[in-house]
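Reader: I'm new to reading protein models, and I'd like to know where the labels come from. Can we go through this one together?

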Amino acid sequence: MDIEKPSNKTAGKPIQCRAAIATAPGEPLVIDEVIVDPPNSHEVRVRIICTSLCHSDVTFWKMKDFPAVFPRILGHEAIGVVESVGENVDGVVEGDVVIPHFLADCTECVGCRSKKGNLCSAFPFKISPWMPRDQTSRFKDLRGETIHHFVSVSSFSEYTVLDIAHVVKVDPTVPPNRACLLSCGVSTGVGAAWRTANVEVGSTVVIFGLGSIGLAVAEGARLCGATRIIGVDVISEKFEIGKRFGVTEFVNSKNCGDKSVSQIIIDMTDGGADYCFECVGLASLVQEAYACCRKGWGKTIVLGVDQPGSQLSLSSFEVLHSGKILMGSLFGGLKAKSDIPILLKRYMDKFYNVVLDFCMLSSRLHDYRLNRMVTYYCQHIFDNTSSGLMFLFQELELDKFVTHEMKFEEINSAFDLLIKGKCLRCVIWMGE
C-alpha cells in the first residue's frame with residue numbers, strides 16, 4: 001500500500017474535508033464539507049483510506065430514539081493513516097497505518113490487563129455521540145454547528161479523530177480494502193469462535209443466522225478445526241454461500257415441521273452441539289441455541305444485538321442440571337491491540353502453513369527439539385489449547401467477505417445493497 005506522508009502544515013489546525021452525514025432517521029446520507037478539529041490529549045487525527053459498511057451502521061441510521069442522535073457521522077470499520085497526534089500519545093506517530101476499533105483497549109486498566117476478558121473498565125463500551133474522555137465532539141459543519149460521533153470511530157469522513165484507546169497500529173503493507181474488515185464484523189465472528197468459545201479441533205458447531213457475523217463465526221470455527229459446522233437460517237440459498245466459509249450442513253428453521261429447530265439439531269448431533277452461536281439478535285433464538293448445545297459441556301455464545309429490554313426465560317432447574325454455559329461475546333472477546341495484528345498475520349503470512357507441515361513431520365520422526373517448539377506454542381501462546389495451535393497454522397480468508405467496492409460518492413448505494421441483502425461487506429474507498 002502506498003502511504004502518503006502527512007503534511008506538517010495541517011498538524012494542530014482544523015481540517016476541512018468531506019463527510020457522509022446522517023441528518024435524519026432513514027434519510028440518505030448527505031456528503032458535505034465539515035471541519036475536523038485537531039486532536040486533544042490522548043487523541044490522534046486519522047486520514048481514512050477505506051471504510052466498510054456494517055449492519056450496526058444501518059441500525060443506528062434507521063433508529064429514531066436515543067441513543068440515535070442527528071446529525072451524526074456513522075461508520076466504524078476502517079483503516080487510515082495518522083495525520084497528527086495530540087499530547088500524551090505513545091506508540092503511534094504521524095504516518096503510522098492504524099485500524100480503529102469501537103471497543104476500547106487502553107492496555108492499562110484491570111480489564112485490559114486481565115487475560116479473562118476484553119472489556120475495558122477505564123472506557124466501558126457505550127453508544128456515545130462524544131469523544132470518550134471529555135464528552136465533546138471534534139466535528140462541526142461550516143456554520144459551526146456540532147456533528148456527533150459514533151462509537152468512538154466515525155469513519156464516514158475523510159478525516160476523523162480517535163482516542164488512542166480505540167486505535168491499533170498495523171503493518172503498512174496490508175491491503176487496506178481487506179484490513180478494514182477487522183474493525184468490527186469479521187473480528188467479532190472469528191474472535192467469538194477463537195477467543196470466546198475456544199472451539200476445539202474435531203468439535204461440532206451450530207450457527208444461528210448466516211449473515212456476515214455468522215459467516216465470520218464459521219470462518220473462525222473452520223480455522224479452529226471444527227469438523228461439523230451447521231448453519232441455521234430462514235433462507236436456504238445461504239447454504240451455498242456458507243460452504244465457502246466452512247459450513248458443512250444446513251437447517252432451514254422454517255422447514256422443521258412439528259419439531260423445534262433445537263430438536264432437529266439434537267437429533268442431527270446425537271445429543272447436542274459442542275458450541276452454538278446466536279448471530280441474529282432474538283431472545284427466542286438464544287433459547288433455541290441454549291436448548292441444543294450439549295449437556296455437560298456445551299457453550300452458547302450470544303453475538304446478535306437484540307432490542308433494548310428484551311428478556312430471556314430459562315428454567316433454573318435446567319441451568320443447574322444441564323451443566324451448559326451461556327455467555328455473551330462483545331467484539332468476539334478480542335483485545336484489539338494484540339489480537340487484530342494476529343488476525344492480519346493470518347491473512348498475510350502463509351509461512352506458518354509450511355511450519356505446520358514441518359512440525360507434523362517432526363512429530364512422526366520423534367524429533368525432540370521440534371516437539372519442544374510445538375509444546376511451547378501450545379503452553380505459552382495459546383494456553384494449552386489444540387484449537388489455538390490449529391488457528392496459528394490456518395489462513396484467514398478475508399477476500400471472500402468483500403462482495404463490493406465503491407467510491408465514497410456511492411455510499412448511499414452501498415447502504416441499499418446491504419439493506420437488500422445483496423452484499424456481505426461493501427468497501428468504500430475514500431480517496432480518488
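Reader: Leaving aside its neighbours within four places in sequence, which residues is Phe245 in contact with?

Author: Before I answer, keep in mind that this is a predicted model. Phe245 touches Leu215, Ala218, Glu219, Arg222, Lys400, Phe401 and Leu424. To count as a contact, heavy atoms have to be within 4.5 Å.

Reader: Where does Phe245 sit in the chain?

Author: Look in the loop between helix H6 (238-243) and strand S12 (249-252). Phe245 also lies 31 residues from Gly214 in sequence, while their C-alpha atoms are 9.7 Å apart in space.

Reader: What makes Phe245 count as buried or exposed?

Author: Its relative accessibility does. Buried means under 20% relative accessible area. Phe245 has 0%, so it counts as buried.

Reader: And how do you know whether Asp270 is buried or exposed?

Author: The cut-off for exposed is over 50%. Asp270 has a relative accessible area of 68%, so it is exposed. You'll find Asp270 in the loop between helix H7 (261-269) and S13.

Reader: Why is Asn198 called partly exposed?

Author: Because its relative accessible area is 24%, and the label covers values between the 20% limit for buried and the 50% limit for exposed. Asn198 belongs to the loop between helix H4 (185-196) and strand S10 (204-208).

Reader: Which kind of peptide bond runs from Phe66 to Pro67, cis or trans?

Author: That one is cis, with omega near 15 degrees. Pro67 is in the loop between H1 and strand S4 (77-85). Pro71 lies in the loop between H1 and S4 too, and the bond from Phe70 to Pro71 is cis, with omega near -5 degrees.

Reader: Why are helices H1 and H14 called roughly perpendicular?

Author: Start with the angle. The axes of H1 (residues 55-62) and H14 (residues 411-419) cross at roughly 100 degrees and come within 10 Å. Roughly perpendicular covers 65 to 115 degrees, so H1 and H14 get that label.

Reader: Which residues of H1 and H14 meet?

Author: On the H1 side there are His55, Asp57, Val58, Trp61 and Lys62, and they meet Phe415, Leu418 and Ile419 of H14. Sorted by type, the contact has 5 nonpolar, 1 polar and 2 charged residues.

Reader: What makes strands S13 and S14 a pair?

Author: Two strands pair if there are at least two bridges between them. S13 (residues 275-278) and S14 (residues 299-302) have 4 bridges, and they run parallel. In one of these pairings, Phe277 has Ile301 in S14 as its bridge partner.

Reader: Which elements make the β-α-β unit with S13?

Author: Helix H8 (residues 283-291) and S14 do, and the unit is right-handed. From S14, the chain then crosses through helix H9 (residues 316-322) to S15, again in a right-handed β-α-β crossover. S14 and strand S15 (residues 325-328) run parallel and are joined by 4 bridges. Val302 stands opposite Gly328 in S15.

Conventions. Residues are numbered from 1 along each chain as its sequence is written. This is a predicted model: local features need pLDDT of at least 70, side-chain atom pairs count only at pLDDT 80 or more; totals for chains, interfaces and linings use all residues. Side-chain values use heavy atoms; hydrogens and water are left out. Axes are lines fitted to C-alpha atoms, for helices over the stretch in contact, and angles run from 0 to 180 degrees between N-to-C directions. Helices (H or I, at least four residues) and strands (E, at least two) are DSSP runs, numbered from the N terminus. Angles under 35 degrees count as roughly parallel, over 145 as roughly antiparallel, 65 to 115 as roughly perpendicular and the rest as oblique. Ala, Val, Leu, Ile, Met, Phe, Trp, Tyr, Cys and Pro count as nonpolar, Asp, Glu, Lys and Arg as charged, and the others, Gly among them, as polar. A crossover is right-handed if, with the strands pointing away from the viewer, the path from the first strand over the helix to the second runs clockwise. Buried means under 20% relative accessible area, exposed over 50%, partly exposed in between (1.4 Å probe, protein chains only).
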